[in-house]
Structure formats: structure tokens, C-alpha cells
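Please open the model in a viewer and keep the sequence panel at hand. The stops below each begin with a selection and then state what is found there.

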Amino acid sequence: MHQEINQQRIHNISQMILEITEGNFAYRIPRTANDDELEALTVLVNWMAEEMKESVFHASFINPHFSYRYVVQSTFVLDNKFVIKDFSGNVPDLLGCNPNELLGKDFIAILAKESVSLLETVMAEILQNESYHTIVSFEFATSEKLVIPASCTISRIYKSTDVVICLFSAIMDNTMEKWTTTKKIFTAEEQKSHNYLDAKSTQAVYDYILANMDSTMPTLKELSHLFGTNEYKLKNSFRHLFKMTIHQFYNSERLNRSQLLIKYTKIPLKNIAIMAGFTNYPNFSRAFKIKFGCSPTDIEKQATIK
């Protein structure tokens, strides 16, 4: 039985990686109560998908100074018992199921177990208030045993007991095509020291650091040689694009990763410190507290209580 469960977990990880390679960063692997290497891998794969989603969300070049707007991604129409009456055309593809399977199905059946109690709270409130409207974060379960975290609006239809649930996400007002055509990341004055090729090489450094978090951080000189630029340009271009130094970014990302491992695994703190690239635990604890305002031990205690 235990082996079958692990096989399913491995399948989930494989399926998740396939989704990522196809450019779909919306899915997440559901967490389990296990404390082993597969669970640590699950945390890291989910974290990787989130990081890649953020990179794409910012059109590869981080902080391009575009404005964003929110759009509806998928819609469900439910009756007063929260049974699915209708849905937008993209819902079956999103959940990986047959459209006929969704009609007449309890909405609760397509949610991950972590969201069930939240829905039950909403159901009790919405039936008592015809003008009810709220925004909640649900996790939807797919046929491939993955989960989709999404922000949703929930409201009653006017003069009806039916309920509408909409998943929504943010997009840039300017499209990628328009952005790559104009390339107006920098002002004319900034263009003297930051051209398009500099920005591309800087983004490549950013991606390289994320992809090699388990390795020793190269020196600025080594990075500039590796990506065909000079130290001065790389240092200044990175600071301009990402609003921090390369070393600050590296430290921030490895601390983010360590926080996830503390929250969702039972790996000893000293081991996590080493995995984060720190030579000893006191230095790790000091840096962690500066970034998050609490110690690794505090996070570990909170995770234990949950």
C-alpha cells in the first residue's frame, strides 16, 4: 500500500514537470502528511512552478513598469445547493475532465480537501444574504491529481438563488508582442548604459542563479565572463532591473527556499542551513530573522502547531 501511494506521488511530480515544460505554471502538487525526500521534492517543484510563473508574468524581464488588469479566467454557475448547472468552455480543459461529468456534480467534489471547509463556510453565509459577494482563494483538484490555486469571486445572481463563482487572474495591459517591438524598458538617458542586449544578459544571469541555487554562487567576475559582459555593466544593469544587487537576490532566494522547507518538511534546521548555502547555523538564523522578522525556530514551531 505504501509503495502504491509513493508511486502515485512520483506520478504527480512527473505530471507536474510535464505541465511546466508545456508552459503551464498554474498547477500545484497536493501536499501530504509524509516527511521524506518525495515531500521535499514536491515542495521544490511547486516552488519552481511559482517562480517560473512569476517570471512569465513579468514578461521575462522583471519589473518592466507595465500596468496590470484583472480578467475572468473561468466561470461556474451553481444552484442553491452548490451543484454545477453550467460553466465556461475552458473549465473542462482546466480540470482535465469530460464536460458531461461536470454538469450536475457537487462543486465541493472538484475542490482540494484544504478548500472544503472554506466552501462550507461560504455556503452557509451566501444562502442567507442575496447581495452576498466575496473573494476567496480555493484550490481545485484536477483529474491528474494536481491542484490549481486560484483567487475566486463568489456572488449571488440578482433575483435568484443561483451562485456564480469566477476564477480570475492578472494580465499586463500591453502584450508581449507589443513590448518586444517597442523595447521601451529604459529611458533615452538610461539607454546609454543599458541597451537591449545588456538586459537580455542580465535576465540570463537571473535565470542562471535560480537554476543553480544548490551550487556555490559564482563571483561577479565569473558571471560576467560566463555571460559575455563586463562586471560594471552586469552589476548596474542587474540593480536597475531587479532593484537589488546580485548577492542580495541570491541570499533572498535561498532564504525563501529555506522557509518553504521549514514550513512543509521536518528536515533538521542545521541541514536546511547547509542546503541554503550557509557555512553554519548561527549565520543562517541571523540572515533568516533579518529577512522574515522571526527565527527559523519560530517558523518550525508554527508549522508543528498546524
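Begin by selecting helix α11 (residues 246–264) together with helix α13 (residues 281–292), which pack at an angle of about 95° with their axes 10 Å apart. The angle makes α11 roughly perpendicular to α13, a label for angles of 65 to 115 degrees, where under 35 is roughly parallel, over 145 roughly antiparallel and the rest oblique. Axes here are lines fitted to C-alpha atoms, for helices over the stretch in contact, and angles run from 0 to 180 degrees between N-to-C directions. Helices (H or I, at least four residues) and strands (E, at least two) are DSSP runs numbered from the N terminus.

Display the side chains between these helices: Ser-252, Leu-255, Asn-256, Ser-258, Gln-259 and Ile-262 of α11 meet Phe-284, Ala-287, Phe-288, Lys-291 and Phe-292 of α13. Contact means heavy atoms within 4.5 Å. By class, this contact of α11 with α13 has 6 nonpolar, 4 polar and 1 charged residues; Ala, Val, Leu, Ile, Met, Phe, Trp, Tyr, Cys and Pro count as nonpolar, Asp, Glu, Lys and Arg as charged, and the others, Gly among them, as polar.

A note on conventions: the model is predicted, local features need pLDDT of at least 70, side-chain atom pairs count only at pLDDT 80 or more, and totals for chains, interfaces and linings use all residues. Residues are numbered from 1 along each chain as its sequence is written, and side-chain values use heavy atoms, with hydrogens and water left out.

Zoom out to the protein chain, which has 14 helices and 5 strands. Of its 306 residues, 41% count as buried, meaning under 20% relative accessible area, with exposed over 50% and partly exposed in between (1.4 Å probe, protein chains only).

Next, select Leu-210 in helix α8 (residues 196–211). Leu-210 counts as buried, at 16% relative accessibility. Apart from residues up to four places away in sequence, Leu-210 touches Glu-51, Phe-249, Glu-253 and Arg-257.

Which residues touch the most other members of the largest nonpolar core? Among its 36 residues, they are Phe-76, Phe-107, Phe-138, Phe-140 and Ile-165. Strand β4 (residues 147–156) gives this core its largest share, 4 residues. Another core, of 15 residues, lies apart from it and includes Ile-209, Phe-242, Ile-246 and Tyr-250. A nonpolar core is a set of buried Ala, Val, Leu, Ile, Met, Phe, Trp, Tyr and Cys residues joined through side-chain atoms within 4.5 Å.

Now centre on Phe-140, whose contacts beyond four places in sequence include Phe-76, Phe-107, Leu-146 and Cys-152. Move on to Cys-152, which counts as buried at 0% relative accessibility. The structure holds 0 disulfides, a disulfide being a pair of cysteine sulfur atoms within 2.5 Å.

For the last stops, select Lys-159, in the loop between β4 and β5 (163–172). Lys-159 is exposed, with a relative accessible area of 74%, and has a positive phi of about 55° although it is not a glycine. Lys-243, in the loop between α10 (231–242) and α11, has a positive phi of about 60°.
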